[in-house]
Amino acid sequence: MTDPSPPVSSDISDSSPAGTIPGVHLQTAVGAGVLLVAAGLAFGALGIPGDAGYGGVGPNFLPWVCALVLAVCGAWLVWEARSGGYRAMAEPSGGARADWSAAVWVSAGLLLNAALITTLGFILSCTLCYVLAVQGLRRAAGQPQARAPRTWGVDVVTGLCISAPVFWVFTQFLAINLPGLTDTGWL
């Protein structure tokens with residue numbers, strides 16, 4: 001049987017032309033960065049008390065699990081890079097340059113959600129976030145109907161249909177307080 005993967009050249013350099021696979025040193029740096037993030041998570045987990053709670057699991061259990069999984073992934077990335085580079089990488093997709101107007105739409109949605117959630121309540125602020133983020137994504141994809149009033153209306157209704165049930169599940173069934181527009185707990 002033959003190996004279907006293309007042969008990996010050992011002379012991959014870091015000064016690869018656009019559209020080619022980055023060099024082994026850059027790939028190793030990515031893996032090392034992931035290992036550093038794992039170390040930061042582990043360092044942060046040291047500060048969380050480990051007293052076992054309900055079920056014998058303390059509050060530091062999940063941070064340690066995340067740090068361990070991230071460390072395994074980082075080590076694997078370093079090993080892959082050092083043993084010949086990331087294999088069978090697809091060509092990069094997307095545009096040649098970032099679409100800054102789309103990034104502004106999405107960022108505005110997130111920032112306005114954070115700023116207005118206590119004023120407008122969870123449902124309306126999350127709907128606003130959804131509408132602005134979807135507008136940014138539609139415009140980045142070059143959809144001509146993005147500016148149409150009907151599209152805006154559909155996005156508002158979709159945002160309400162997503163955020164209202166989430167709000168009701170959290171407030172009515174799980175008894176978790178989220179900011180509402182009224183004191184009834186339904187809006």
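**Surface and overall make-up**

I began with the accessible surface of the protein chain, which comes to about 12600 Å² (Shrake-Rupley method, 1.4 Å probe; for residues, only the protein chains shown count as cover), and I noted that 71% of this surface belongs to carbon and sulfur atoms. The model is predicted, so I kept in mind that local features need pLDDT of at least 70 and side-chain atom pairs count only at pLDDT 80 or more, while totals for chains, interfaces and linings use all residues. I also noted that residues are numbered from 1 along each chain as its sequence is written, and that side-chain values use heavy atoms, with hydrogens and water left out.

I then looked up the secondary structure and found five helices and zero strands in the protein chain, where helices (DSSP runs of H or I, at least four residues) and strands (runs of E, at least two) are numbered from the N terminus. Of the 187 residues, 24% count as buried (under 20% relative accessible area, with exposed over 50% and partly exposed in between; 1.4 Å probe, protein chains only). Among contacts (heavy atoms within 4.5 Å) between residues at least 6 apart in sequence, 54% join residues at least 24 apart.

**Helix H2**

I followed H2 through residues 61-82, a helix of 22 residues that reaches 32 Å from its first C-alpha to its last, close to the 32 Å expected (1.5 Å times one less than the number of residues). Its buried residues are Pro-63, Ala-67, Gly-74, Glu-80 and Ala-81. Seen down the axis of H2, these residues fall within an arc of 155 degrees (taken from the directions from the helix axis to the C-beta atoms), so they line one face of the helix. What covers them includes helix H1 (24-46), whereas the face turned away from the buried side carries the exposed residues Leu-68, Trp-76 and Trp-79. After H2 I noted Gly-84, whose phi is positive, near 130 degrees.

I turned next to H4 (residues 122-140), which has 19 residues and reaches 27 Å from its first C-alpha to its last, close to the 27 Å expected; H4 is followed by Gly-142, with a positive phi near 75 degrees.

A search of the whole structure finds one salt bridge (a side-chain nitrogen of Lys or Arg within 4 Å of a carboxyl oxygen of Asp or Glu). The partners are Asp-155 and Arg-138, with their closest N and O atoms 2.8 Å apart. Asp-155 lies in helix H5 and Arg-138 in helix H4, so the pair ties together parts that are 17 residues apart in sequence. Both residues are buried, and Asp-155 has a relative accessibility of 1%. Leaving out residues up to four places away in sequence, I found that Asp-155 touches Tyr-130, Val-131, Val-134, Gln-135 and Arg-138.

**Exposed positions**

I looked up Trp-100, which lies in helix H3 (residues 100-120) and is exposed, with a relative accessible area of 65%. Trp-100 and Gly-136 are 36 residues apart in sequence and 9.5 Å apart in space, C-alpha to C-alpha.

Last, I noted a nonpolar surface patch of about 610 Å², made by Ile-162, Val-166, Val-169, Phe-170, Phe-173, Leu-174 and Ile-176 (patches are made of residues with over 30% relative accessible area and no salt bridge, like charges being joined within 9 Å and nonpolar side chains, Val, Leu, Ile, Met, Phe, Trp and Tyr, within 5 Å). Leu-174 lies in the segment after helix H5 (149-173) and, at 47% relative accessibility, counts as partly exposed.
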